[in-house]
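Here's a quick briefing for anyone meeting this structure for the first time. Have a look at the sequence and the model, then read on.

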Amino acid sequence: MPVKKAKDFRGMNAKELAAHIRGLREEYFQLRLQHATGQLENNQRIRIVRKELACALTVQGEGSAADAE
């Protein structure tokens, strides 16, 4: 799966972005669980998901800040 960038998240509406963030949080939780139990095969995926989540949350924050103005 290709890594999403900020421009990809900015193209989403608020509901789509919130749903994507929810999915990333679930995936990150599952990856951490697999890592803790020694079942994780691709350690790099944790880092990728964490960065995508941070980027998506940043874009979501920019949108809410723009709405407040």
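The chain has three helices and zero strands, so from the N terminus on, its elements read α-α-α. Helices here are DSSP runs of H or I with at least four residues, strands are E runs of at least two, and both are numbered from the N terminus. This is a predicted model, where local features need pLDDT of at least 70, side-chain atom pairs count only at pLDDT 80 or more, and totals for chains, interfaces and linings use all residues. Residues are numbered from 1 along each chain as its sequence is written, and side-chain values use heavy atoms, with hydrogens and water left out.

**Overall build**
- The C-alpha trace spans about 45 × 20 × 15 Å along its principal axes.
- Take the contacts (heavy atoms within 4.5 Å) between residues at least 6 apart in sequence: 62% of them join residues at least 24 apart.

- Of the 69 residues, 22% count as buried, meaning under 20% relative accessible area with a 1.4 Å probe, protein chains only.
- Leaving aside residues up to four places away in sequence, Phe 9 touches Lys 4, Leu 17, His 20, Glu 52, Cys 55, Ala 56 and Val 59.

**Charges**
- There are 12 positive side chains and 9 negative ones, counting Lys and Arg as positive and Asp and Glu as negative, without His or the chain ends.

Conventions: Buried < 20%, exposed > 50% of the residue type's maximum accessible area, 1.4 Å probe, protein only. Charge placed at Lys NZ, Arg CZ, Asp CG, Glu CD.
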